[in-house]
Amino acid sequence: MLTNRYTEPGNLIFSLLIPVYNVEKYLPSCLDSILQQPGNDYEVVLLDDASTDNSRLICEEYKNKFPEKIRVASHEENRGQLLTRKDLFQLARGEWILCIDSDDWLSENALTVIRHAILTEETDLIVYNVICKYMDGTEKIFSPDLNADIVYCNDNKMELYNQFLCTYYLNSMCNKAIHHKLIDLNEKHEEVTEISIGEDRFQSFPIIDRAKKVLYLNQNLYYYRKNIDGISSKSFPNMYEMRKILWEREDIYIEKWEITSDIREKRYIQRINEVVQMMQGKKETGEFAEFSKEIIADRILEKLLETVDVAKLCRRYLLVCELVTHRQIFLADKVVSMELWMRNLKRKHGEMKKSRHETGG
C-alpha cells in the first residue's frame, strides 16, 4: 500500500484534462459527469483550441459555477489535439493525469475506483475499459486481453507491449490514469502537428515505455461517443503521411522493447492491410493511380512483403500488393474496384436483412 499522502486534506490527486474544440452540443454532459464525482481531490482543466461555436462560453460558465474545481485556458489559433493536450500537461497540478475528450464522459464511479486502485496498489499507470456508445443507442465494451487486477512489470510487461502493438485497445489516452512522472513535458511535437488521427497512439508509446508498474482494471469507467460527424469518421487526404509518422515511432519501440519475430510479423501484416485499405479509400476519391505511384516510390509494400510470410495475407490483398509492386496499376485498380463492390453488396444485404427483421418480414 502507498503512503497516506493521498488522503491528506488539500492534496490534489487528479488533473482531468479536456481539450475543447467546437463541442457546444456535448461539453455540458462531459463536465456534468465529472463534477458529480465525489471528492475534493481533483481539478478540471479546460483548454479551448480557438473554438468558433459557444464552447468557450460554456467553459467560462462552468468555471464561474465551480471556481474551486475548474480552470480555463485558451489558444488564440487552432493548434490541434496533439499540441493542445501537450499544453494541458503543462497546466496540470495533480499527481495523476486523466485525459478526457470533450464529447465523452466518465462513469459515475470512475474516480472512486481509480482512487482506490492508487491507494491499494503500487502502480504508475492504470488502464481501464471503454464503452463505445454509438449513435443508434447501441454500445460495445472495448477491453484489452489482459489479466485483470494484476500489475504488469519487468518480465510480464512484454505481454502489455504485444497487446499495444497489435490491437487498438490500449491506443487511447482516455482509458488511462497516468502518473505525472511518465509525461515528458519537454517532448517536442511541433514537427508532427499534421497528425490529426492516431495522435493518441503516438502519445501513448513513451508513456507505456516509461511505466514501471501497469495495473489493468477490468471495469468500464469511460464512455466514448462514436459520433458520425466526429474526427474519427472523416476522410483524411494525408492519412498515408500520418501513418508513416506513426510507423516510424512504432519501429523505434519495436526495437527498444526487443519484440519477438512473430509479433513483428503480425504487426507488419497489419500495416500491409492498412496500406491496402488506404488504397481502397483513394479509389473512392478518384486518387488511386496517384497514390499507387507514391506507394511504389516509397517501396513500402516491397519492404513489408519481404518481412512476412505472404501465405498469411488475405489473398485479395496480396493480389493488390503484387500488382502494385509490379507497377500494374490498371489491374490493381480493377481488383480494388471489385473488392469495394463486394463490400458494398455485403453491406446492403445486411441492411436489407436487418430491415426485414425489424418489420417482421
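Author: Here is a short tour, from the overall fold down to one residue.

Author: This is a predicted model, where local features need pLDDT of at least 70, side-chain atom pairs count only at pLDDT 80 or more, and totals for chains, interfaces and linings use all residues. Residues are numbered from 1 along each chain as its sequence is written, and side-chain values use heavy atoms, with hydrogens and water left out.

Reader: Thanks! How many helices and strands does the protein have?

Author: There are twelve helices and ten strands, taken as DSSP runs (H or I, at least four residues, for helices; E, at least two, for strands) and numbered from the N terminus.

Reader: What share of the residues is buried?

Author: Buried residues are 49% of the 361, with buried meaning under 20% relative accessible area (1.4 Å probe, protein chains only).

Reader: Switching to Gln280: where is its place?

Author: Gln280 sits in helix α8, residues 261–284.

Reader: Is Gln280 buried or exposed there?

Author: Gln280 counts as buried because its relative accessibility is 5%.

Reader: Which residues is Gln280 in contact with, leaving aside neighbours within four places in sequence?

Author: Those are Tyr317, Val336, Glu339, Leu340 and Arg343, where contact means heavy atoms within 4.5 Å.

Terms used: Buried means under 20% relative accessible area, exposed over 50%, partly exposed in between (1.4 Å probe, protein chains only).
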